[in-house]
Amino acid sequence: MTTFAPDSVALNRKLPLWYQVSQSLRASILGRGPNDPLRLPTEDRLAEHYGVSVLTMRQALKELETEGLISRHRRRGTFIEPSARRGSPVRLLGSVDAIVAQQSGERTTVLDHGPAAVPAELAEYFPGLDEAAGYRRLRRDGRSDEPTNWAENLVRPDLADRIDLADLERWPMTKVLRDVVGVRISRITDTVEARLADPETSRLLEVPLLSPILHYTGVTYDEAGRVVDVARIHYRGDRFSFTVTLEAE
């Protein structure tokens, strides 16, 4: 039987391996195509794929099973739940794949794209540039069709020609820049704050004006230290919370 083929990931030995593997596999599952198989490879094959021990792989799979993304059946194997969707917490623990996983798994529509003036509050990230490539996307729950968040991205203009809109409707911008465009991402700086819904957010997310939302700003840097993308994501306050896990060295 054909099995699902997860993406590869370069593991950071300073972070828990099981967490990185679970985040990478989660992103692959939530970003899968409609015709991809639901059966996962065996624990041994997955452990070999990620370059970790079977015990580490087992812990990663247990995390995904707890979230309802997969189900495990004795003698039959491990399967992706067809109705799998993201849970509510925004959980970050220092890996790029955590960002990819958080932004994956919902039905995405590109609202518009094109040259966009760099706002004054973001000018420090794009020195010498008056314009960047702007993208606005709306994400909806795959089952209820309820809007869950909408995102604005400002990307360096020299990268825009290599971004396919069809990829943005399937994957988060972080994954497109890293895995399709080929940007070598060095770090992402995140800021999360509580805000009140402005008229545009109220309209897109179908929430009352001035209702609470979770506002996320992610600044993505390449290996040369340049900012390649600034993402501003507006999450419905009744659908998301924010959790940070700190690991002792």
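**Ground rules.** The model is predicted, so I kept local features to pLDDT of at least 70 and side-chain atom pairs to pLDDT 80 or more, while totals for chains, interfaces and linings use all residues. Numbering runs from 1 along each chain as its sequence is written, and side-chain values use heavy atoms, with hydrogens and water left out.

**Rings.** I looked for aromatic pairs (Phe, Tyr or Trp rings, six-membered ring for Trp, centres within 6.5 Å) and found one. It is W18 with Y19: centres 5.9 Å apart and planes at 90 degrees, so I logged it as edge-to-face (over 60 degrees; under 30 is stacked, the rest tilted). Y19 is buried at 2% relative accessibility, but W18 is partly exposed at 22% (buried is under 20%, exposed over 50%, partly exposed in between; 1.4 Å probe, protein chains only).

**Charges over rings.** I checked for NZ of Lys or CZ of Arg within 6 Å of a ring centre and within 35 degrees of the ring normal. K175 has its charged end over W171, 5.4 Å from the ring centre. R187 does likewise over Y221, at 3.8 Å.

**Cores.** I then looked up nonpolar cores (buried Ala, Val, Leu, Ile, Met, Phe, Trp, Tyr and Cys joined through side-chain atoms within 4.5 Å). The largest has 23 residues, and Y135, V155, I163 and L177 touch the most other members. Helix 7 gives the most to this core, four residues (helices are DSSP H or I runs of at least four residues, numbered from the N terminus). A separate core holds 19 residues, including V9 and L11.

Key
Helices (H or I, at least four residues) and strands (E, at least two) are DSSP runs, numbered from the N terminus.
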